[in-house]
Number of protein chains: 2
Amino acid sequence: MSRKDDILDAAERIVATEGLDALAMRRLADEVGVKAPSLYKHVRGKDEVIAALQERALRDFTAALASAPPGVRSLGAAYRSWALAHPAAYAVVTRVPLQRDLLTPGVEEAAAAPVLAVVGGHQERARALWAIAHGLVDLELADRFPKDADLDATWEVAVSAFGGVET
Amino acid sequence: MSRKDDILDAAERIVATEGLDALAMRRLADEVGVKAPSLYKHVRGKDEVIAALQERALRDFTAALASAPPGVRSLGAAYRSWALAHPAAYAVVTRVPLQRDLLTPGVEEAAAAPVLAVVGGHQERARALWAIAHGLVDLELADRFPKDADLDATWEVAVSAFGGVET
DNA sequence: ACCTGAACACCGTTCAAGT
DNA sequence: ACCTGAACACCGTTCAAGT
């Protein structure tokens, strides 16, 4: 079991430092100190490696959101700062199809819980809030805003629209 | 010049019907009826092919947004329906780094213009509106919402938050 | 001017063979 | 039980050679 953990740790390291595109089975094997075919004794394939990274990232992200102070504004701030601090992990969770059959049931819902809670359980508002946080972060990480854009101000406008004024 | 257009048309066809991942230079050469190395006489490389698709998609998307009836609600509807009708093109523009050095200057700004106009030229509101439209579409295309989610209602809530009530 | 086969340095994955 | 070299079917790209 420890060998599998070594592999996943190495994969996480590669993705964090060199990006998702750098994650190749041969490169991963090098990092572990073994030849590529050996990986397949511990892991079903690249899919399982990525699914494991998705699960780890999702749990970490959820914890960050759950420990944010109450209020739409600080939840938004927690969302953004986690994503900017872990851009590769955010991409793993968000730009790769979620492998739901390989995830522990409930992790996805757990991530949504803090968002749902902050809008008082209102589904549509929760989804809209989630979408704007994701949209802002995704566009920022994709370098879609002008480099002189005042994104703090944009977040302020966005969050205010969702009832962040009073918080 | 016509051979280059053949190549780009073929690339557009492959991406539209089989998705971005199916776009390989050998596969593209097959579609054109030539061997892969020949492509490089007409095109600098895969990057140029993708940049050309980005430009085409961006122009088409811009035209769709520009011809939407006035108002935040219908602009949102135009955004969503174009993206859902052309998911691969939306991905090309949104999930691949924009190759700005290979794009005609101004196409990116042109796409933003209708959004900026609908919020009366207010930069922060325009960016926030853009983010929520992109966030909703990206999450929907990535299959992130439950399949029974009422996304029309979610869009309504989102658009209302940005002053779509009166329109 | 355009096209080709062969090649290079890569992918993910399988499998027979070794310990 | 774990690891390996060789192989398969792929990538993007280059280049000498042909017409």
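**A helix of chain A and its surroundings**

Modeller: Gly120(A), which follows α7(A), has a positive phi, near 70°. Helices here are DSSP runs of H or I with at least four residues, strands are runs of E with at least two, and both are numbered from the N terminus. This is a predicted model, in which local features need pLDDT of at least 70, side-chain atom pairs count only at pLDDT 80 or more, and totals for chains, interfaces and linings use all residues. Residues are numbered from 1 along each chain as its sequence is written, chains are lettered from A and ligands numbered from 1 in the order in which they are written, and side-chain values rest on heavy atoms, with hydrogens and water left out.

Within the helix itself, Val107(A), Ala111(A), Pro114(A) and Val115(A) are the buried residues of α7(A). Because these buried residues fall within an arc of 95° when one looks down the axis of α7(A), they line one face of the helix; the arc is that of the directions from the helix axis to the C-beta atoms. Buried means under 20% relative accessible area, exposed means over 50%, and partly exposed is what lies in between, with a 1.4 Å probe and protein chains only. On the other side of α7(A), Glu109(A) and Ala117(A) are exposed. The buried residues of α7(A) are covered by elements of chain A that include α4 (46–66), α5 (72–85) and α8 (123–141), where contact means heavy atoms within 4.5 Å.

The loop between α6 (87–94) and α7 (107–118) of chain A holds Leu98(A), which is buried, at a relative accessible area of 13%. With its neighbours within four places in sequence left aside, Leu98(A) is in contact with Gln54(A), Val93(A), Leu103(A), Glu108(A) and Arg144(B). Arg127(A) and Leu98(A), 29 residues apart in sequence, are 18 Å apart in space, C-alpha to C-alpha.

Of the atoms of DNA strand C that come within 4 Å of the protein, 49% belong to sugar and phosphate; a residue is near a strand if one of its heavy atoms lies within 4 Å of it. Polar contacts, that is, pairs of N or O atoms within 3.5 Å, include a phosphate oxygen of DNA strand C at 2.9 Å from a polar backbone atom of Lys46(A). Two or more residues of the surface near DNA strand C come from α2 (25–32) of chain A and from α3 (36–39) of chain B.

DNA strand D is likewise surrounded by 16 residues, the closest being Lys35(A), Ser38(A), His42(A), Met25(B) and Arg26(B). Here sugar and phosphate make up 50% of the atoms of DNA strand D that come within 4 Å of the protein. A backbone N or O atom of Lys35(A) lies 2.7 Å from a phosphate oxygen of DNA strand D, and a polar backbone atom of Met25(B) is 2.7 Å from a phosphate oxygen of DNA strand D. Arg26(B) has a side-chain N or O atom 2.5 Å from a base nitrogen of DNA strand D. At least two residues each of the surface near DNA strand D are supplied by α3 (36–39) of chain A and α2 (25–32) of chain B.

Two loop residues remain. Asp143(A), in the loop between α8 and α9 (151–164) of chain A, has a positive phi of about 60° although it is not a glycine, and at 45% relative accessibility it counts as partly exposed. In chain B, Asp143(B) is found in the loop between α8 (123–141) and α9 (151–164); its phi is positive, about 60°, although it is not a glycine, and Asp143(B) counts as partly exposed at 46% relative accessibility.

Conventions:
Polar contact = N/O pair within 3.5 Å; in protein donor to acceptor, adjacent residues only side chain to side chain.
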